[in-house]
Amino acid sequence: MDSEKLIEMYRQMLLIRRFEEKAAEMYMMGKIGGFCHLYIGQEAVAVGAIAAIRKDDYVIASYREHGHALAIGTEPRKIMAELFGKATGISRGKGGSMHLFDAERNFLGGHAIVGGHIPLATGVGFAINYEGKDQVVLCFFGDGAVNTGVFHESLNLASLWKLPVIYICENNFYGMGTAVTRAMAGPEMYLKAKAYDIPGELVDGMNVLEVWEKVGKAVERARHEKIPTFLEVRTYRFRGHSMSDPAQYRTKEEVNEQRKRDPIVTFKQKLIAEGILSEEKFEEMEKEIKAIVEEAVEFAEKSPEPPEEWLYEDVYA
Ligand SMILES: Cc1ncc(C[n+]2csc(CCOP(=O)(O)OP(=O)(O)O)c2C)c(N)n1
């Protein structure tokens, strides 16, 4: 991979981190309402995976999706405005943190029902084949979603019908406050792919290049041979499940141990060791990203509330 792409990956991870730190601050100040699930710690997954697809491919995610939207190129100011519930938000202020959609970039959204979007991704895969196209779908979800029926139904159909879907489980080891080992029989979940006769692989989700490489291989298989894949990407969330979770179900020692694997810190060390970026360049990037995030907040603050009439638009039931 050329240096420019490596630097871009680092820049995207840092943007996600700084954007979310600011979002947390705004949440604490009461500027953001509703639920807000931060992605801090998991940045390498969205960035590595999305770097492996084409612009016309599809991405769909759960409610922890700020990172996916940023990695796909959605404007930070439109995401911040959405978090603020403003009319200029990417979902016109009606979706909030859990429902970021960007049709222009084939980002089919954040979805609040655990596992609810996995069959949607499967349907998109079906539509791609039906129309004779060669796009692929990246479907991101948490470890909790692997225990839902739709996960198994989807893998079964994707295998039978040869759908170009890459199912990406971001295993951060907790579903809210429940450790994965207390909720899942057979927690080596990548092995579950075997039951559906599709490739299944374990990926280090703290290593952006490994994610990029392994998702890239799955994308090639899906695009050219119509073979779906299930990837278990092991990562960790450094914050609570949502902004209202003090995360008392795990020890400080555990979190500190995981922090040593911080994907942004380790990637920075790698880029410095290989002479790709200097400490001064990193500082410049920090400043540039700080300005982007501050501008996003300013834009969100100044944006209007959605008008009352919008209550009756986009209502399907
Ligand atoms: C069908 C359904 N059941 C329960 C919930 C409540 N809930 C929201 S997030 C969550 C935990 C999911 O954890 P996981 O899939 O591992 O994703 P993570 O939050 O770790 O990204 C639960 C149970 C929900 N949103 N939908």
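Reader: Is M1 buried, partly exposed or exposed?

Author: This is a predicted model, in which local features need pLDDT of at least 70 and side-chain atom pairs count only at pLDDT 80 or more, while totals for chains, interfaces and linings use all residues. Residues are numbered from 1 along each chain as its sequence is written, and side-chain values use heavy atoms, with hydrogens and water left out. Buried means under 20% relative accessible area, exposed over 50%, and partly exposed in between, with a 1.4 Å probe and protein chains only. The relative accessible area of M1 is 40%, so M1 is partly exposed.

Reader: Which residues does M1 touch, not counting residues up to four places away in sequence?

Author: M1 lies in the segment before α1 (3–28); helices (H or I, at least four residues) and strands (E, at least two) are DSSP runs, numbered from the N terminus. The C-alpha atoms of M1 and L209 are separated by 9.4 Å, although the two residues are 208 residues apart along the chain. Contact means heavy atoms within 4.5 Å. With residues up to four places away in sequence left out, M1 touches L6, M9, L209 and W212.

Reader: Why is the pair of F126 and Y130 stacked?

Author: The structure holds nine aromatic pairs, where rings of Phe, Tyr and Trp (its six-membered ring) pair if their centres lie within 6.5 Å; planes under 30 degrees apart count as stacked, over 60 as edge-to-face and the rest as tilted. F126 and Y130 both lie in helix α5 (residues 118–130), four residues apart, about one turn of the helix. Their ring centres are 6.1 Å apart, and the pair is stacked because the planes are at 20 degrees.

Reader: Is Y130 buried or exposed?

Author: F126, its partner in the pair, is partly exposed at a relative accessible area of 39%. For Y130 the relative accessible area is 70%, so Y130 is exposed.

Reader: Which residue lies over the face of F282?

Author: F282 forms one aromatic cluster with Y10 and F267. A charge sits over a ring if NZ of Lys or CZ of Arg is within 6 Å of the ring centre and within 35 degrees of the ring normal. At 5.0 Å from the ring centre of F282, the residue over the face is K268.

Reader: What is the distance from an oxygen atom of the ligand to an N or O atom in the side chain of N172?

Author: There are 14 residues surrounding the ligand, and the closest are Y63, R64, G144, N172 and Y174; a residue is near a molecule or strand if one of its heavy atoms lies within 4 Å of it. A polar contact is a pair of N or O atoms within 3.5 Å; within protein, one must be able to donate a hydrogen and the other to accept it, and residues adjacent in sequence count only if both atoms are side-chain atoms. An oxygen atom of the ligand is 3.0 Å from a polar backbone atom of Y174. For the side chain of N172, the distance from a ligand oxygen atom to an N or O atom is 2.9 Å.

Reader: Is T122 buried or exposed?

Author: T122 lies in helix α5, and a polar atom of its side chain lies 2.8 Å from the backbone oxygen of I118. Beyond four places in sequence, T122 touches S154, L163, V165 and Y167. Its relative accessible area is 6%, so T122 is buried.
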